[in-house]
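I opened my notebook and worked through this structure one piece at a time. Here is what I looked up, in the order I went.

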Amino acid sequence: MPPAGAGVAVFEERLRQAVTGVPSFPELAARLTRAVTVAIDRTKTADANGHGLPLVSRLRIATFFALACGVIFLPVDGSGVVARDTSFWLLVLYAWHAVLTTFVLIASFTARGERNADRLAVLLVVGHAVNLHVYVYVWPVYPGLAAGILACMLMGDSVLFGWSTQRVLALAIGFSAGFLALGMKIAPYDVQRPDFAVASIVLLVGATTAVGCTHLLAMLRTSLAERQRELSELSTRLMSVQEEERRRLSRELHDEFGQSLTAVNANLWLIERLAPADAEALRHRAAETRRLVGRTLGAMRELSQLLRPVVLDTLGLVPSLETLLGAFGEHHQLAVSLTSDGLPERLPAEMETALYRITQEALTNAARHARAARVRVALTAIGGELRLEIEDDGVGLAVHNGGRTPTGTGLVGIRERVRALGGQLVLHGERGMRVEVRVPLPGRS
């Protein structure tokens, strides 16, 4: 028979293992947060123009908070001494709270609900406000709690949903007027119930704060939008000036230096041809100099092509891309292809330049980082938009960038050009790299 101490030790070990296997409260909270985040981020777009969560995701955040509040406050109300009739109506109110919140949450995952997310948000807030007023009427024990919840709901939802000052003001007037009417009906001039007066003051202060904060946020958003517009115009202007400078340098390289070097090359050819037979060293030196001039001419033409391809101004986007892809494939020993469908004969000069530079930058990134064997470029006009896709079979963004959002200067330049055109940029980097650009075609509906 084992000693008693051994049995106690075995019991302690099993208890320790059981306690170790149970996750702690912070771990449970972290798991719940991750689950909620996954559910919310399901609708987050990659464009990301980078401007926060969509309205439908913020609506889901509000529903999760509402459900959590119902779970927290139900035991508080149930712990007190409540009459049977009051208990029944309290259960009805909590059931309405759960039904309304669940309905809005489920509706937010439908296509129609996503289109009407703003109306669902108003329904959620107004429905809960009405529920709180009925709660105070049925059980006027904690009016201060209801007033505090109404004030917090006004302030929180006005910030969360980004509502206008007019809407928040209308809701604040409605909530405050309803609560004051309830107070006058339940405890008119009752000195034994000063809590209604305090609760009314709390609600009025909270409503005023919500309206003031909403107005301040609207002013800040307007100022921020104006700064963003100015920065976008500055970025567009800088790119235009840069492109004009490239055009001028390309023209000067081609006209001035090209003509001079061509003349030098011709003179050296004549010296080589007219040199006497006994001047073999002179003929050899002239030939070597001519080869050097030819190599310089080739490098100059390549630099001129990089600065500003002449074919882009004369023939348009598709021929210039064909020339670019041909030179790129030959230089990097890659299989390249270009397809175009439905494009007009010529596009606006700014659009042709931007799409050419986007393709050029994407090809540069593919050559530097992707280690690809094939590159495909497709230009398609569908409906009222033009789609440009550059795809390679390289390592992709996840391998090169550790799975993080790419922030290189090349991609920043691509984003700025797409934004200047009023289009959208989508990056896919799981298998290879695919840059997808969508821009509206001018004059198309």
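**Entry 1: a glutamate in a strand**

I looked up Glu436 and found 8% relative accessibility, so Glu436 counts as buried (buried means under 20% relative accessible area, exposed over 50%, partly exposed in between, with a 1.4 Å probe and protein chains only). A note on my source: this is a predicted model, where local features need pLDDT of at least 70, side-chain atom pairs count only at pLDDT 80 or more, and totals for chains, interfaces and linings use all residues. I count residues from 1 along each chain as its sequence is written, and side-chain values use heavy atoms, with hydrogens and water left out.

Glu436 lies in strand β5. Helices (H or I, at least four residues) and strands (E, at least two) are DSSP runs, numbered from the N terminus. I then checked the side chain of Glu436, which makes a polar contact with the side chain of Arg434 at 3.2 Å. A polar contact is a pair of N or O atoms within 3.5 Å; within protein, one must be able to donate a hydrogen and the other to accept it, and residues adjacent in sequence count only if both atoms are side-chain atoms.

Which residues does Glu436 touch beyond its neighbours within four places in sequence? I listed Leu388, Glu389, Gln424, Leu425, Val426 and His428 (contact means heavy atoms within 4.5 Å).

**Entry 2: the sheet around β5**

I traced five strands in an open, mixed sheet, ordered β1-β2-β3-β5-β4. Two strands pair if DSSP finds at least two bridges between them. β1 (335-341) and β4 (424-428) are at the edges with a single partner strand each, so one side of each has no neighbour in the sheet.

Strand β5 (residues 433-440) pairs with β3 (residues 385-392) in the antiparallel sense over eight bridges. Here Glu389 has Glu436 as its bridge partner in β5, and Arg387 stands opposite Arg438. With β4, strand β5 pairs in the antiparallel sense over five bridges; there I found Val435 as the bridge partner of Leu427.

**Entry 3: two helices side by side**

Last, I looked at helix α6 (residues 117-138) and helix α7 (residues 143-161): their axes come within 10 Å and cross at roughly 175°. Axes are lines fitted to C-alpha atoms, for helices over the stretch in contact, and angles run from 0 to 180 degrees between N-to-C directions. α6 and α7 are therefore roughly antiparallel (over 145 degrees; under 35 is roughly parallel, 65 to 115 roughly perpendicular and the rest oblique). Among the residues making the contact are Val125 and Leu132 of α6 and Ile149 and Met153 of α7.
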